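Here is a friendly briefing to read alongside the structure. Take a look at the strands and helices below, and then we can walk through them by topic.

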Amino acid sequence: MTKSPRAFDHVDTWVFDLDNTLYPHHVNLWQQVDARIGEFVSNWLKVDADEARRIQKDYYRRYGTTMRGMMTEHGVHADDFLAYVHKIDHSPLEANPAMGAAIEQLPGRKLILTNGSVDHVDAVLARLGIADHFHGVFDIKAAELTPKPARETYDKFLGLHDVDPTRAAMFEDLARNLVVPHDLGMTTVLVVPDGTKEVVREDWELAGRDDPHVDHVTDDLTGFLQRLVTA
């Protein structure tokens, strides 16, 4: 049975993930964060880089974020973790006025829902030149340190920002983070690499584009949004 993807004509709230969604995967900004996470795990647990990598990715898959796993299993404080892993060079990001203009033209509110921190969001949006187009940010601290894809995190987000999920769209780079939004009635969009440059991602992170909870797939968010606002 061919699925009929949900449309956008009823949407009045536009929800965006941050990393690898509002900027291209091949920028590999997240690779810097990923490396810092590995360093943190290695230093905290006194293990070598290979073992730290194994633990990091195990916790990421099982807990939603490595941070949550480190908090649960080893008593790490979130502020210490976030301050360390987001200490990166944001200069690879370039301003994207075309995407900013498209976001500005979307009817209704634009919000960010991320497993990162507000400080990281601010730094990314400043480099992209699109900070003024968003009406609010829901970060990992607002989620009380419970990351996507946990259902309770989406519920907190929807409640705090008074979002009707049946009138909202969600843009994400991880298919698993679109399961709950779709179940709640949101139109879902998976943002994937454009294939022109190497990306540093795990295979499972790039999977899911054909899953039933994914309504739309794009490898060009700017173009996708431009088509939406001119349709």
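Two strands pair if DSSP finds at least two bridges between them. On that basis, β2 and strand β3 (residues 136–138) pair in the parallel sense, with 3 bridges. Please keep in mind that this is a predicted model. The notes below start with the strands and then turn to a helix pair and a histidine.

**Strand β2 and its neighbours**

- Strand β1 (residues 13–16) pairs with β2 over 4 bridges, in the parallel sense.

**Strand β1 and its link to β4**

- β1 is also joined to strand β4 (residues 168–172), by 4 bridges, and these two strands run parallel.
- In β4, the residue opposite T13 is A168.
- Which way do the side chains of β1 point? T13 and V15 point one way, W14 and F16 point the other way, and all are buried.
- Buried here stands for under 20% relative accessible area.

**Helices α5 and α9**

- Helix α5 (residues 97–105) packs with helix α9 (residues 221–230) at an angle of about 35°, and their axes are 9 Å apart.
- The crossing of these two helices, α5 and α9, is left-handed.
- From α5, the contact is made by A98, M99, A102, I103 and Q105, while α9 brings L221, T222, L225, Q226 and V229.
- How do the residues of this contact of α5 with α9 divide into nonpolar, polar and charged? There are 7 nonpolar and 3 polar residues, and no charged ones.

**H182 in helix α8**

- H182 is found in helix α8, which spans residues 179–184.
- Is H182 buried or exposed? Its relative accessibility is 14%, so H182 counts as buried.
- Leaving aside residues up to four places away in sequence, H182 touches R6, T188, P212, H213 and D215.

Key:
Residues numbered from 1 in each chain as written. Predicted model: local features only at pLDDT ≥ 70, side-chain atom pairs only at ≥ 80, totals over all residues. Heavy atoms only, no water. Axes fitted to C-alpha atoms, helices over the stretch in contact; angles between N-to-C directions. Left-handed = near helix turned anticlockwise from the far one by under 90°. Contact = heavy atoms within 4.5 Å. Nonpolar A, V, L, I, M, F, W, Y, C, P; charged D, E, K, R; others polar. Buried < 20%, exposed > 50% of the residue type's maximum accessible area, 1.4 Å probe, protein only.
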